[in-house]
Amino acid sequence: MIIYIVQFILVVLFLRSNARSKGTWLSPSGFLLIIYAIAAALAIPTLNIDGYVEARTSAYWLPMLMFLFCLGTFIVPFCRFNERTIEQIVLPNMTLLNAFTWFIIAVSFFAISFFSSSVNMIFALGNLGDARTALYSGEMYVEVGLFNTIASVGASMYVFALLLFFVYSIIGNNKLKCILLLISSVSEPLHILSYVGRDGVVFWLFSFIFLFLLFRPFMQEDMSKRILKFFGIGAAILMLPFLAISVSRFDSTDAGTSGAMISYMGQSFVGGPLYMGIDDKPFNEGASFPLFYEITGIKQNNEYEVGGGMLQIGEWKSWHFSTFVISLYRNLHFVGLMLLAIVCAFLQKKVLGKARPIFSFECFFIYILFFQVYSQGVFYFKQYTRGGNLFILICLMLYLIFKVSKKSSVPLVRQQ
């Protein structure tokens, strides 16, 4: 157990270093590290809850350090950017911004409409645990096809709806847009609920808090309190299906609902070192980037998991969380993982740098992209589907589109 206590201490030390360099614990990047610190802390009781034995042995000191090293190669460059240096946010011209806003609202409402019927059908079944089990057995509650793909991609843009909600809240005189954007942002929780999943609720909470911390210096105090009130109401509503699924799935298990909730956040920081400790590591090449293989026609090489089935080696289980790093490691091997980390670090340095007093709107798409991958990645690489791959491409395309667009002459200015 001492291995996992040390693992938690190392994450907290990094969090403390980030807080000292930025003058606060509650910067956007600090919030990302708090998520990881909580996961590392909950890994300690998860050892008992899930009955790990092998993970406690001294053989996992080096794998634990290797796991943290791989995490650090991605997250350290992200945290080097000091968000507190932003003094002005340069917006695009309002014609383009309004057009983008109405597009996001339209695709989000389509996604909400598409997934709502499936969510209603699932909750009408009564036993959500059985519904989830049936899903693993091949039962589908969502119609597969073109509309599903469009709705899935639209739902992934919920974070843009939240981004625009904060922008228009600060601009003022946009009450209708703000209401529609806030409603639009629930498209992703509904998308995940249609697969009897809880992650969408958690991801919505992560994204809202992240963007609130980013925009808070640009808000008046009364606006800040009003937005926190909206957040509290929204979080309370979204937690109802989250708890309903949790109780239905885990209340009758040995660990119970509370134990399952702890394991939900903690198992990544157990599963990560366990994977690193496997001598003949299992790979599932190409599973995280299906769009690339479809476009290029290259044949995937799923060495250990044909069709992405379940696999257990020692105490490591492929169906347990182990962070985005392990998901990508299994796809790319160690050399490929490090090359990807270098590319990500270069992109972040090129777009964000270490300090940026004037922050252009297009930079949000790169900053948000990495936060989404890393915050959701405390569980797994969320963007492993065709829709997720498209989300990455869309962020890069939007960055380029807004970079070359005409800028507004009225920036958002930090409150003194």
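Trainee: Before we start, what should I know about the model and its numbering?
Mentor: This is a predicted model, where local features need pLDDT of at least 70 and side-chain atom pairs count only at pLDDT 80 or more, while totals for chains, interfaces and linings use all residues. Side-chain values use heavy atoms, with hydrogens and water left out, and residues are numbered along each chain as its sequence is written, from 1.

Trainee: Okay, which residues have the most contacts inside the largest nonpolar core?
Mentor: A nonpolar core is a set of buried Ala, Val, Leu, Ile, Met, Phe, Trp, Tyr and Cys residues joined through side-chain atoms within 4.5 Å. Buried means under 20% relative accessible area, exposed over 50%, and partly exposed in between (1.4 Å probe, protein chains only). The largest such core has 121 residues, and those with the most contacts inside it are Phe 160, Phe 215 and Phe 269.

Trainee: And which helix gives the most to this core?
Mentor: Helices here are DSSP runs (H or I, at least four residues), numbered from the N terminus. With 13 residues, the one that gives the most is helix H10 (residues 199-215).

Trainee: How do H7 and H16 lie relative to each other: parallel, perpendicular or oblique?
Mentor: Their axes come within 11 Å and cross at roughly 125°; axes are lines fitted to C-alpha atoms, for helices over the stretch in contact, and angles run from 0 to 180 degrees between N-to-C directions. Angles under 35 degrees count as roughly parallel, over 145 as roughly antiparallel, 65 to 115 as roughly perpendicular and the rest as oblique. H7 and H16 are therefore oblique.

Trainee: Staying in H16, is Phe 370 buried or exposed?
Mentor: Phe 370 is found in helix H16 and touches Phe 78, Cys 344, Leu 347 and Gln 348, not counting residues up to four places away in sequence. Because its relative accessibility is 6%, Phe 370 counts as buried.

Trainee: What about Ser 375, buried or exposed?
Mentor: Ser 375 lies in helix H16 (residues 363-376) too. Leaving aside its neighbours within four places in sequence, Ser 375 is in contact with Leu 32, Ile 35 and Phe 206. At 0% relative accessibility, Ser 375 counts as buried.

Trainee: Next, how do H3 and H15 lie: roughly parallel or roughly perpendicular?
Mentor: Helix H3 (residues 61-80) and helix H15 (residues 323-351) pack with their axes 9 Å apart, at an angle of about 30°. That makes H3 and H15 roughly parallel.

Trainee: Last one: which helices are included in what covers the buried residues of H6?
Mentor: The buried residues of helix H6 (residues 146-156) include Asn 148, Ala 151 and Val 153. What covers the buried residues of H6 includes helices H4 (94-124), H7 (158-171), H9 (187-193) and H17 (386-404).

Conventions
Helices (H or I, at least four residues) and strands (E, at least two) are DSSP runs, numbered from the N terminus. Contact means heavy atoms within 4.5 Å.
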